[in-house]
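Hi,

Here is the structure I promised to pass on. Have a look at it first, and then read my notes below.

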Amino acid sequence: MRAWQGDHVTTRLLIRPARRSDLDGVGPLAGSLSRAQVRLQAAERGDESMAVAVLASWIVGVQSIRWSRGCDPPHPWLYGLHVTPEVQRQGIGRALVQAAEDLGRRRGAHRMTLDVDVDDAGAIAFYQALGYVVRRPHQHRWRSVDPQTGDVIAEGTAATLIMGRALR
């Protein structure tokens, strides 16, 4: 599995590559077990990297990076950042984003991008506080994929904003 090389540790928080044994903990954060499976399969193929935040053996956050075919090519695309509500606003999201940016730098990326729903003021403010700047509006095409067959089982679009940050 191509993933984060080296763990990022802050106090009691561990950021590490996701593994199959994490699926039950990642499923609720990713929105569903099947969504978590698809993301982990992409990480195992090397198309993406997926990290989890672990606090006292409890998975409290998840983040993925798509290395190609993201919303703002050729830049790596950060997506799927979720932190358990009980531990939000404790630096876990920030630590996950920093770990993703560190990995992007090690892989030679000069910019990290992401998209955020246009009506999610909290997420926009969070990313702006981390140095991300709105680059343009975007109609994000999403697809739900069956993890066993690879068949598309639902798809649609969402109004989002592309945000980016230079990796120094």
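Some housekeeping. This is a predicted model, where local features need pLDDT of at least 70 and side-chain atom pairs count only at pLDDT 80 or more, while totals for chains, interfaces and linings use all residues. Residues are numbered from 1 along each chain as its sequence is written, and side-chain values use heavy atoms, with hydrogens and water left out.

Helices (H or I, at least four residues) and strands (E, at least two) are DSSP runs, numbered from the N terminus. When I say contact, I mean heavy atoms within 4.5 Å.

**Strand S8**

Back to Ala158, which sits in strand S8. Residues up to four places away in sequence aside, Ala158 touches Asp117, His138, Gln139, His140 and Trp142. Gln41 is 117 residues from Ala158 along the chain, and their C-alpha atoms are separated by 24 Å.

Ile162 is also found in strand S8. Is Ile162 buried or exposed? At 0% relative accessibility, Ile162 counts as buried.

**Helices H1 and H2**

Two packed helices are described by the angle between their axes and the distance between the axes. Here, helix H1 (residues 23-30) packs against helix H2 (residues 33-45) at an angle of about 110 degrees, and their axes are 7 Å apart. That makes H1 roughly perpendicular to H2. Angles of 65 to 115 degrees count as roughly perpendicular, under 35 as roughly parallel, over 145 as roughly antiparallel and the rest as oblique. The axes are lines fitted to C-alpha atoms, for helices over the stretch in contact, and angles run from 0 to 180 degrees between N-to-C directions.

Which residues of H1 and H2 meet? On the H1 side they are Leu23, Asp24, Val26, Gly27 and Ala30, and on the H2 side Leu33, Arg35, Ala36, Gln37, Arg39 and Leu40. By class, this contact has six nonpolar, two polar and three charged residues. In that scheme Ala, Val, Leu, Ile, Met, Phe, Trp, Tyr, Cys and Pro are nonpolar, Asp, Glu, Lys and Arg are charged, and the others, Gly among them, are polar.

The buried residues in H1 are Leu23, Val26, Gly27, Leu29 and Ala30. Their cover includes H2, S3, S4 and S5. After H1 comes Gly31, with a positive phi near 105 degrees.

**Helix H4**

In helix H4 (residues 121-129), the buried residues are Ala123, Ile124 and Tyr127. They cover an arc of only 100 degrees around the axis, which puts them on the same side of H4; the arc is that of the directions from the helix axis to the C-beta atoms. The face turned away from that buried side carries the exposed residues Ala121, Gly122 and Ala129. Among the elements that cover the buried residues of H4 are strand S5 (77-83), helix H3 (92-106), strand S6 (111-117) and strand S8 (152-166). Just after H4, Gly131 has a positive phi of about 100 degrees.

Most residues other than glycine have a negative phi, and most peptide bonds are trans. Ala56 is not a glycine, yet its phi is positive, about 50 degrees. Ser57, not a glycine either, has a positive phi of about 65 degrees. Ala56 is in the loop between strand S3 (48-55) and S4, and the loop between S3 and S4 is also the place of Ser57. Ala56 counts as exposed at 68% relative accessibility, and Ser57 counts as exposed at 74%.

Finally, the peptide bond joining Pro73 and Pro74 is cis, with omega about 5 degrees. Pro74 is in the loop between strand S4 (58-66) and S5.

Cheers

How values were computed. Buried means under 20% relative accessible area, exposed over 50%, partly exposed in between (1.4 Å probe, protein chains only).
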